[in-house]
Amino acid sequence: MSDSNITNFINPSTFILLGIPGLEEAHIWISIPFCAMYSIAVLENFTILFIVKREPSLHGPMFYFLCMLAVTDLVMSISTMPKMLSIFWFNSREISFSACLTQMYFILSFSDMESGILVAMAFDRYVAICHPLRHSTILTNSVVAKIGLAVVLRSGRMTLPYPFLAIQWPYCRNNIIPHFYCGHIGVVKLACADIRISSYYGLFKLFTVMGMDVFFIAVSYTQILRAIFRLPEKDARLKTFGTCISHLCATSALYIPVLFSSLTQRFVHNVPWHFLILITSVYQLVPPVLHPIIYGLRTKQIRVRLLQLFTHKET
């Protein structure tokens, strides 16, 4: 290890991102599926935004929430994937201290936004299925806008302590982060100070924000499933049940890796680091690819408009 990486300092000018430690020889091969998923996610989410903007008939609560989710997924992908690919392809591992904290803030805040939007979408489905006659009066455009604003404000304010806490610690160990992005725990573990307040706040936020979101999603889908099983037609029950299961699978692709990664980094120390990073990459890559398919392309209105778009181009 070079001397520049072990020199004592208060705040480093740069950090070094290692990518996936232990799998350096496979970085090029790993980058192929990662790049493919990143490209698909960007294309899918921009397509959703384009179709909804272009079609006035889609200007409703469900599709507004879908657009919010698409924007969140795009920001999440753009915050991590370009730097990760530059590490894998060009060995460009340096990231400035300010850029590292900015990346940390965007990843954490937009993860919370994604969680909040999934709660809003679960509530929208609950009202649509359990109270269909009141859907248009409960979820008006102003209510949707207020929900979106509340999600943004909650995420932004709850994430602000992370960079403020990280910037105050003295860093005197090294400036090497064994990851492909600047995660909260990965950064503060380099500090030569008591970082328990950062760790405790991370746990507090994890359980108060995502924990409560999981609870509200579970309550919403429990009520939805109860309503489904009361439907008189078997085909309608099966179709709606299949939609709910796909939604829950997409939701699990975010929450399970986040919870596993956050808790493992704090309390379990014998898990191979490359395995932990690959698990972390699941919620960085999989939800942005799954969400447009499950919440968008599986929706009849989106499919019809997409087919019309391609048909129009061919003619």
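Here are a few friendly notes on charged residues and their surroundings in this predicted model.

1. Let's begin with the salt bridges: a search of the whole structure turns up six. As background, side chains of opposite charge can pair when their charged atoms come close.

2. One of them joins Arg 305 and Glu 55, whose closest N and O atoms are 3.3 Å apart. This pair links distant parts of the chain, 250 residues apart: Arg 305 sits in helix H11, while Glu 55 is in the loop between helix H1 (27-54) and helix H2 (61-90). Both Arg 305 and Glu 55 are buried.

3. Next comes Asp 213 with Arg 154, where the closest N and O atoms are 2.9 Å apart. Asp 213 counts as buried at 4% relative accessibility, whereas Arg 154 is partly exposed at 26%.

4. Asp 124 and Arg 125 also form a salt bridge, with 3.2 Å between the closest N and O atoms. Asp 124 is buried, with a relative accessible area of 2%; Arg 125 is partly exposed at 22%.

5. On the surface, a patch of positive charge gathers Lys 239, Arg 298, Lys 300 and Arg 303. Arg 303 is placed in helix H11 (residues 300-314) and is partly exposed, with a relative accessible area of 39%.

6. Finally, Ser 246 in helix H9 (residues 234-267) is buried, at 9% relative accessible area. Beyond its neighbours within four places in sequence, Ser 246 contacts Ile 294 and Arg 298.

How values were computed. Residues numbered from 1 in each chain as written. Predicted model: local features only at pLDDT ≥ 70, side-chain atom pairs only at ≥ 80, totals over all residues. Heavy atoms only, no water. Patch = residues over 30% accessible without salt bridge, like charges linked within 9 Å, V, L, I, M, F, W, Y side chains within 5 Å. Areas by Shrake-Rupley, 256 points an atom, 1.4 Å probe, with all protein chains shown as cover. Salt bridge = Lys/Arg side-chain N within 4 Å of Asp/Glu carboxyl O. Lys, Arg positive; Asp, Glu negative; His and termini not counted. Charge placed at Lys NZ, Arg CZ, Asp CG, Glu CD. Helix = DSSP H or I, 4+ residues; strand = E, 2+ residues; numbered from the N terminus. Buried < 20%, exposed > 50% of the residue type's maximum accessible area, 1.4 Å probe, protein only. Contact = heavy atoms within 4.5 Å.
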